[in-house]
Amino acid sequence: PGCPKMRAVPSAIAAISALLAAPEVAAWGKKVEVAPPPPKPMVFQLLAAAGVPESNAMPVLVAAGTMLALLLLLVMQGGGGPGGGGGLALIRSFLGQESKRGIKVNDWIGDYNALHHNGTYDKDDKAGVEERNSMYAKMVNAYYELATLFYEWGWGQSFHFAQKKFNETFAESIRRHEYYLASHLEVKPGMKVLDVGCGIGGPYRNIARFTSCDITGITLNEYQVKRANELNQAVGLGSQVRSVQCDFMKMAPFKDGSFDAVYAIEATCHAPVRQGVYGEIMRVLKPGAVFACYEWCLTDKYDAHNAEHRKIKKAIEEGDGLPDMARPQEVVAALKDVGFEVLHTRDMALDPNPNGEAWYLPLMPSWKIWTQRFQFTGVGMALTKNMLWVMEGLWLAPKGTYKVQQMLQQGGIGCSQGGVTGTFTPMFLCVCRKPLAKK
């Protein structure tokens, strides 16, 4: 009795008795009812009813969630600039394009692609070039009818490239590129200027503010004319700038010597014959006046016998509505052929740009999903294509929308690869003067 261990026995017995009396232990040896498993979430039941195997249900949900997130990103993000609008505006505009303008996006992209798929990357495309040259007006009009909405949403109101200097924003680089070209025009406030291939007027609105000139822009595409004039009125420039629908190969609305200066920004590359558009520019210019332009050109690094170079060239032509591309020496020769005095030329893509960014960087892949560069990654390409395909199936976008995006995307890849390899430049600067009339 005096042993300490023996004194602990009653407490141990009491603890064991309490344990044996617990309901869990009392149920030993008896039949235990097993509760049924909880029902699966409704979404898994719906997938099973749709025939999706249980092992594939989670990957399907992940993919669907990702596409939904990207769709929301498309709807909510701000687009390419002050006039770009959000993704919701892009969707509304595309739907309105078919109903209000009476076009079928799928038919138009099919006809456009047919003009480019009559040749191959690896073989001579002479027959294709000849057909595109003969039908350039239809091809260019179809291209911009389809591409303008994407351009404005994803890039902004100025449809061109620019080197980005150190500490510049994208918008600042675009304006500087335009102002630099305008600085060669030798204009004064109130002078009449022509923008050849004006898009939706982003450059001429900036240049009009910069120079106080009166600017008329011409474009082949009716939708671009309508959109540009809407924007002109919206920013209070309706009396100073305007867009007119006109083929730059036949500028019938304008008399000889109508303008004090003419410029073109990445536009005359759409001409089937450079002499044709340059000759019309020469005609409408006053004697002694200046024409300045940025041309798209194949550089001296381009090798027509290199299959990769030919593939880049074809991608640019197909993705950007071009009949064919010229080299710098061909552009200069065409200007001289129609009588221009060539004052200065250079490839501005080769200008020093310390700590800046190359013109093609916005077209290079990036994993920043809130930027348009994400679409150039492998994952971005797949998701963007499938997202637009789903939107078409839900009638959120016209049939053929994803084909348009694919066409533009391949053009962007071609341009970026042309920049990386140095075989292509979108900013071959030409400044020339119409000679004074002989006495």
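# Exercises on a predicted model

Helix α13 (residues 274-284) packs against helix α15 (residues 328-337) at an angle of about 45°, and their axes lie 9 Å apart. The model used in these exercises is predicted.

## Exercise 1: α13 and α15

Classify the angle between α13 and α15, then list the residues that form the contact.

Step 1. The angle of the pair is about 45°.

Step 2. Angles under 35 degrees count as roughly parallel, and those from 65 to 115 as roughly perpendicular. α13 and α15 are therefore oblique to each other.

Step 3. The crossing of α13 past α15 is right-handed. On the α13 side the contact involves Arg 274, Gln 275 and Tyr 278, and on the α15 side Val 331, Ala 334, Leu 335 and Asp 337.

Step 4. Sorted by class, the contact of α13 with α15 holds four nonpolar, one polar and two charged residues.

## Exercise 2: α14 and α17

Find the angle and the axis distance for α14 and α17, and describe their contact by residue class.

Step 1. Helix α14 (residues 307-320) and helix α17 (residues 401-421) meet at an angle of about 140°, with 7 Å between their axes.

Step 2. An angle must be over 145 degrees to count as roughly antiparallel. α14 is therefore oblique to α17.

Step 3. α14 and α17 cross in a left-handed sense. α14 contributes Ile 312, Ala 315, Ile 316, Glu 318, Gly 319 and Asp 320 to the contact. From α17 come Met 407, Leu 408, Gln 410, Gly 411, Gly 414, Cys 415, Gln 417, Gly 418 and Thr 421.

Step 4. The contact of α14 with α17 has six nonpolar, seven polar and two charged residues. Gly is counted among the polar residues in this division.

## Exercise 3: Lys 313

Is Lys 313 buried or exposed, and which residues does Lys 313 contact?

Step 1. Lys 313 belongs to helix α14.

Step 2. Buried means under 20% relative accessible area. Lys 313 has 15% relative accessibility and therefore counts as buried.

Step 3. With neighbours within four places in sequence left aside, Lys 313 is in contact with Leu 298, Tyr 302, Asp 324 and Met 325.

## Exercise 4: positive phi in loops

Locate Glu 186 and Asn 355, and give the phi of Glu 186 and of Asn 355.

Step 1. Most residues other than glycine have a negative phi.

Step 2. Glu 186 is not a glycine, yet its phi is positive, at about 55°. Glu 186 sits in the loop between α10 and β1. Its relative accessible area is 51%, so Glu 186 is exposed.

Step 3. Asn 355 is not a glycine either, and its phi is positive, at about 60°. The loop that holds Asn 355 runs between β6 (341-347) and α16 (378-393). Asn 355 counts as exposed at 66% relative accessibility.

Step 4. Asn 167 lies in the loop between α9 (136-154) and α10. Asn 167 and Asn 355 are 188 residues apart in sequence, but their C-alpha atoms are 8.7 Å apart in space.

## Exercise 5: Phe 424

Step 1. With a relative accessible area of 3%, Phe 424 is buried.

Step 2. His 309 is 115 residues from Phe 424 along the chain, and the two C-alpha atoms are separated by 9.5 Å.

Terms used. Residues numbered from 1 in each chain as written. Predicted model: local features only at pLDDT ≥ 70, side-chain atom pairs only at ≥ 80, totals over all residues. Heavy atoms only, no water. Axes fitted to C-alpha atoms, helices over the stretch in contact; angles between N-to-C directions. Helix = DSSP H or I, 4+ residues; strand = E, 2+ residues; numbered from the N terminus. Left-handed = near helix turned anticlockwise from the far one by under 90°. Contact = heavy atoms within 4.5 Å. Buried < 20%, exposed > 50% of the residue type's maximum accessible area, 1.4 Å probe, protein only.
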